[in-house]
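Here is a friendly walk through one protein model, written for reading alongside the sequence and the 3D view. Please keep both open as you go.

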Amino acid sequence: MSKTILILGGGWGGLTAAHALKGKLPSDYRIAVIEKRQSFVFYPSFLRAMVGETTGLNYIESPLKNILRKDLEIINEEIIRINPETKTVYTNAQSINADYIIVAMGAELYPETIPGFNEHCLNLYDTKGAFEIHQKLQNFKKGKIAFLVTRTPFRCPPAPYEAAMLAEWFLREKGVKNEIEISIYTPEKFPMPSAGEHVGEAFRQILNTHNIRFFPENTVTKIKENKIIFSNNKEASYDLLIGVPPHGAPKAIVESGLTNSSGYVPVHPQTMEILDNVEELTTHFPGIYAIGDSAGIMLLNGKYLPKGGVFAEEEAQVVARNIASLIKGEKPVASFNGQGVCYVDVGDGMAAEGAGDFYAYPDPVVKLAMPSKESRKAKHEFERIFEWWFSEYQNK
Ligand SMILES: Cc1cc2nc3c(=O)[nH]c(=O)nc-3n(C[C@H](O)[C@H](O)[C@H](O)COP(=O)(O)OP(=O)(O)OC[C@H]3O[C@@H](n4cnc5c(N)ncnc54)[C@H](O)[C@@H]3O)c2cc1C
């Protein structure tokens, strides 16, 4: 008998899972993606839009109907609630029962939780914000630019640092950098803490060579015109403020009782099954998985796996393989190994390759290579590979 597999969220992880499953199951199996947006948003392009490298909206936001395999079902509705016991998903228009559910709803942005964010801070993490930042940078001639990380965790831990270095490069190339001061304020102890202290130190040195001032362990409480106020009673002034808003699990996940004290959905680190006992790695909800930014995976050092598309993508492949095995009556053996590679923009046309094994004991092992022009090329290839990936499936 054919089964229904519901994929909640048509972002990086959800679309990977949908395409992977479609390739593994007969066509009479129902594989449906429920997504509230009309488009797939490729977040890494925000950084390039910010410095004017990509000016077309289409590069960042691709209409779902253009990139999805034609035989995939997309339900353009908002998920309101998930009942893991009955495997029922409630949207704003209907309820659907499933045999398997993959929660891939990412993280949601909550800028309104910091007073003054929406009024005074440009949002580095949305399309509109990325284009606005570019306009401001183009006309900025002197003064203070502050990059602000409001809360942790957030998607892609290197992104605000990359943004600061790209902005510095952009302004230097325009010949106006001498009269501009760039600073980063963050609650983190050092950049990218999940990658370990040595990577953080290497990053601090790169920031130093770009004359970017770094102010760790500052948690913003309020933003006023030209002033940021921190919980330690310190203040900082700015002329242009660019920020990463607070992140959290989407409301529908929280209201379905699927999150724990991490704020996200606890999952088995290898199979991505949703857990109801994190210590014993057990679940009462077989057949329900959470992948990507919605998931909270505790590492062996007690910290959490950073939120990155490369992880969402690999987790999606693992879950797709295991669901296909279960349906065929085979033992599910695919396992996520906590490894991933990313390319970190450092300005001057260069990027540094970061390769990590986040499941290493006692701490993740992350290596940051020397920045090079080749790595930036690889970063752009990686973005194009993503486009090819969809078209390759579409043509099958
Ligand atoms: C500036 C920036 C640069 C980045 N660079 C990189 C990089 O170089 N490499 C890398 O690996 N990662 C990078 N990332 C991180 C990466 O983009 C995310 O980790 C990845 O998108 C997570 O995938 P996901 O599927 O979990 O969530 P998402 O891609 O966010 O998808 C979630 C989807 O669920 C939908 N959804 C949510 N709630 C509902 C609801 N109630 N009803 C219906 N649909 C819903 C959303 O609309 C969304 O489409 C970057 C992120 C940013 C912001």
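Asn211 is partly exposed because 13 other C-beta atoms lie within 10 Å. For this term, C-beta atoms are placed from the backbone: a residue with 20 or more others within 10 Å of its own is buried, one with 12 or fewer is exposed, and anything in between is partly exposed. Asn211 sits in the loop between α8 and β14, and its phi is positive, about 55°, although it is not a glycine. Most residues other than glycine have a negative phi, and most peptide bonds are trans.

Met272 is another non-glycine residue with a positive phi, here about 70°. Its place is the loop between β20 (265–266) and β21 (288–290). Is Met272 buried or exposed? Met272 is buried, since 28 other C-beta atoms lie within 10 Å.

A word on the source: this is a predicted model, in which local features need pLDDT of at least 70 and side-chain atom pairs count only at pLDDT 80 or more, while totals for chains, interfaces and linings use all residues. Residues are numbered from 1 along each chain as its sequence is written.

Helices (H or I, at least four residues) and strands (E, at least two) are DSSP runs numbered from the N terminus, and two strands pair if DSSP finds at least two bridges between them. Strand β12 (residues 143–149) runs parallel to strand β13 (residues 180–185), with six bridges; Phe147 has Ile184 in β13 as its bridge partner.

Strands β15 (residues 220–224) and β16 (residues 227–230) are antiparallel, with four bridges. They form a hairpin with two residues between them, and Asn226 in the turn has a positive phi of about 65°.

## Cis peptide bonds

The bond from Thr152 to Pro153 is cis, with omega near -5°; Pro153 lies in the loop between β12 and α7. Tyr361 and Pro362 are also joined by a cis peptide bond, with omega about 5°. Pro362 belongs to the loop between β24 (350–357) and β25 (365–368).

## Domains and the ligand

An automatic or database assignment sets the domain bounds: domain 1 is 4–36 + 77–107 + 249–327 and domain 2 is 110–246. Their C-alpha centres lie 32 Å apart. Where does the ligand lie? Both domains give residues to the shell around the ligand, so it lies between them.

Of the 34 residues around the ligand, Gly9, Gly11, Gly13, Gly106 and Gly292 come nearest; a residue counts as near if its C-beta atom, placed from the backbone, lies within 6 Å. The shell has 17 nonpolar, ten polar and seven charged residues. Here Ala, Val, Leu, Ile, Met, Phe, Trp, Tyr, Cys and Pro are nonpolar, Asp, Glu, Lys and Arg are charged, and the others, Gly among them, are polar. Helices α1 (12–22), α2 (45–50) and α10 (309–327) each supply at least two shell residues, and eleven of the eleven residues of α1 are buried.
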